Amino acid sequence: MTIAARKIRLIMQLRRAGINDTDVLSAIERIPREAFVPESFLDQAYEDLALPIGQGQTLSQPQVVATMTQALRADRRLKVLEIGTGSGYQAAVLAQLCRRLYTIERHRELLSVAEERFARLRLHNITCRAGDGSKGWPEQAPFSRIIVTAAAQELPAPLLDQLAPGGILIAPIGRPGAMQELVRMSRRDTGFTEESLGQVRFVPLVEGPTSVGGARKTAIEAAVDAQRTGS
Ligand code: SAH
């Protein structure tokens, strides 16, 4: 089957799964997912599967990317913050639907690969930063939309602080290695409202200093790795 045919099959699957926002579907259609997956997984670029991207991290399943993107209600006029650039795929899709996408990744190696992809695809409205996304991006705040693509047990307070009035934040909340709840927080004049969008499984949001070349691990990372491997 050609890439074009696989892509159409995926779009049909997403439609059947309840993704009906045509802007979201056409953003997914425009971004070549094959440019964001490791070469050995090229065959599976248009399967509805999460794929490994190195450094123990994963590129989310298309259905999860589509659900989160649709739930975020992005808009051409808005400024969006993503935590966890990973492969850059979610950022590339969202960048089609907003004015400027700011994205933070703690693994420098992953970030530099993602930056090359953005340049090659001429996605010029994406701004990247290496660092701990749980602190948000104070210099660029507030954001109308925030999407967290790694799971935290509790939502980091700086992210809620950096959400603009009327803003929407989407994040998986729960323990690493378990199913987590995808929540949507909306900022109203009177405070925040929260709704559940279902169950997901994301890699953990690792707070604290950025790792250096993967060689040195922080105590938190070592603990998370031990938990993941059951060691
Ligand atoms: N959105 C990505 C998938 C993310 S996987 C994509 O489309 O491919 C989660 C990513 O979050 C990983 O790359 C991981 O390194 C990153 N991450 C984990 N904790 C982080 C933190 N505190 N700050 C920034 N990035 C973080």
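How many aromatic pairs does a search of the whole structure find? The search finds three. Rings of Phe, Tyr and Trp (its six-membered ring) pair if their centres lie within 6.5 Å; planes under 30 degrees apart count as stacked, over 60 as edge-to-face and the rest as tilted. The model is predicted, so local features need pLDDT of at least 70 and side-chain atom pairs count only at pLDDT 80 or more, while totals for chains, interfaces and linings use all residues. Residues are numbered from 1 along each chain as its sequence is written, and side-chain values use heavy atoms, with hydrogens and water left out.

Phenylalanine 36 and tyrosine 89 form an edge-to-face pair, because their ring centres are 5.6 Å apart and their planes stand at 70°. This pair links distant parts of the chain, 53 residues apart: phenylalanine 36 belongs to the loop between α2 (22-30) and β1 (51-54), and tyrosine 89 to helix α4 (residues 89-95). Helices (H or I, at least four residues) and strands (E, at least two) are DSSP runs, numbered from the N terminus. Phenylalanine 36 is buried, with a relative accessible area of 0%, and tyrosine 89 is buried at 1%. Buried means under 20% relative accessible area, exposed over 50%, and partly exposed in between (1.4 Å probe, protein chains only).

Tyrosine 102 and tryptophan 137 also pair edge-to-face, with 5.2 Å from centre to centre and 75° between the planes. Tyrosine 102 lies in strand β4 (residues 100-105), and tryptophan 137 in the loop between β5 (126-130) and β6 (143-148). Ring pairs link Tyr102, Trp137 and Phe143 into a cluster.
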